[in-house]
Amino acid sequence: MEGVTLRHRDRSLLSELWLHVEPGELIAVMGPSGAGKTTLLRTVAGLAAPDSGSISRPGDRVAVVFQDPRLLPWRTALENVELVCEAGGKHRARDWLGRVGLAGDVDLFPAALSGGMRQRVAVARALAYDAPVVLVDEPFASLDGPTATALRDELATHLRDQKRTVLWVTHHQDEADAVAERTLVMGGPPSGDWRIETAP
């Protein structure tokens, strides 16, 4: 990200961000509500253009773990993950569902899954997609503490093992310290200031 500036109406969300994320590095993104964290992810994903500056990323594929699972209710867990796989990807989809602890639940529909299980399907879907960049947007905020921590640690481990390049939005300092070595802290409007912090 070279000189990236983001605005919303007449407010500056982010001013002149210069940040290089190494291949395989996981960067946490923090800031108050309304600071522009999700806007930054959308811009990195290519869904919006920065007001100024430029963003370059490896390849044109980006995987996203959203705040809510966004599963198709008329498809099974396996079919939801298989959607992002290349032709003949049923084996890959089944493999990733097994890795997130859902090997015995692949034929269930979202309505039959708990909130934590639906998020596991969403995690499996993002990891099954062959993308060098993964964007994580607070996907565990609605889960209870132990479930959220377990899923957070599983996802971070898989991302490191796969050497994916990751931007991970969180509101919690302990989560940022647990998953990332560096954190982009966004101050938000009106100045759009930012800083990089290194985990202890």
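At what angle do helix H4 and helix H5 pack, and how far apart are their axes?

Reply: The model is a predicted one, and what follows should be read with that in mind. Helix H4, covering residues 115-128, packs with helix H5, covering residues 145-162, at an angle of about 10 degrees, and their axes lie 11 Å apart. Because angles under 35 degrees count as roughly parallel, H4 is roughly parallel to H5. On the H4 side, the contact is made by Gly 116, Gln 119, Arg 120, Val 123 and Leu 127, while H5 contributes Thr 147, Leu 151, Glu 154, Leu 155, His 158 and Leu 159. Sorted by class, the contact of H4 with H5 has five nonpolar, four polar and two charged residues.

Arg 182 forms a salt bridge with Glu 25, the closest N and O atoms being 2.8 Å apart. This pair links distant parts of the chain, 157 residues apart, with Arg 182 in strand E8 (residues 182-188) and Glu 25 in the loop between strand E2 (11-17) and strand E3 (26-30). Glu 25 counts as buried, since its relative accessibility is 16%, while Arg 182, at 23%, counts as partly exposed.

Arg 61 likewise forms a salt bridge, in this case with Glu 86, and the closest N and O atoms are 2.6 Å apart. Here too the pair links distant parts of the chain, 25 residues apart: Arg 61 sits in the loop between strand E4 (52-54) and strand E5 (62-65), and Glu 86 in the loop between helix H2 (77-82) and helix H3 (90-99). Arg 61 is partly exposed, with a relative accessible area of 27%, whereas Glu 86 is exposed, because its relative accessible area is 51% and the exposed class begins over 50%.

Conventions:
Residues are numbered from 1 along each chain as its sequence is written. This is a predicted model: local features need pLDDT of at least 70, side-chain atom pairs count only at pLDDT 80 or more; totals for chains, interfaces and linings use all residues. Side-chain values use heavy atoms; hydrogens and water are left out. A salt bridge is a side-chain nitrogen of Lys or Arg within 4 Å of a carboxyl oxygen of Asp or Glu. Helices (H or I, at least four residues) and strands (E, at least two) are DSSP runs, numbered from the N terminus. Buried means under 20% relative accessible area, exposed over 50%, partly exposed in between (1.4 Å probe, protein chains only). Axes are lines fitted to C-alpha atoms, for helices over the stretch in contact, and angles run from 0 to 180 degrees between N-to-C directions. Angles under 35 degrees count as roughly parallel, over 145 as roughly antiparallel, 65 to 115 as roughly perpendicular and the rest as oblique. Contact means heavy atoms within 4.5 Å. Ala, Val, Leu, Ile, Met, Phe, Trp, Tyr, Cys and Pro count as nonpolar, Asp, Glu, Lys and Arg as charged, and the others, Gly among them, as polar.
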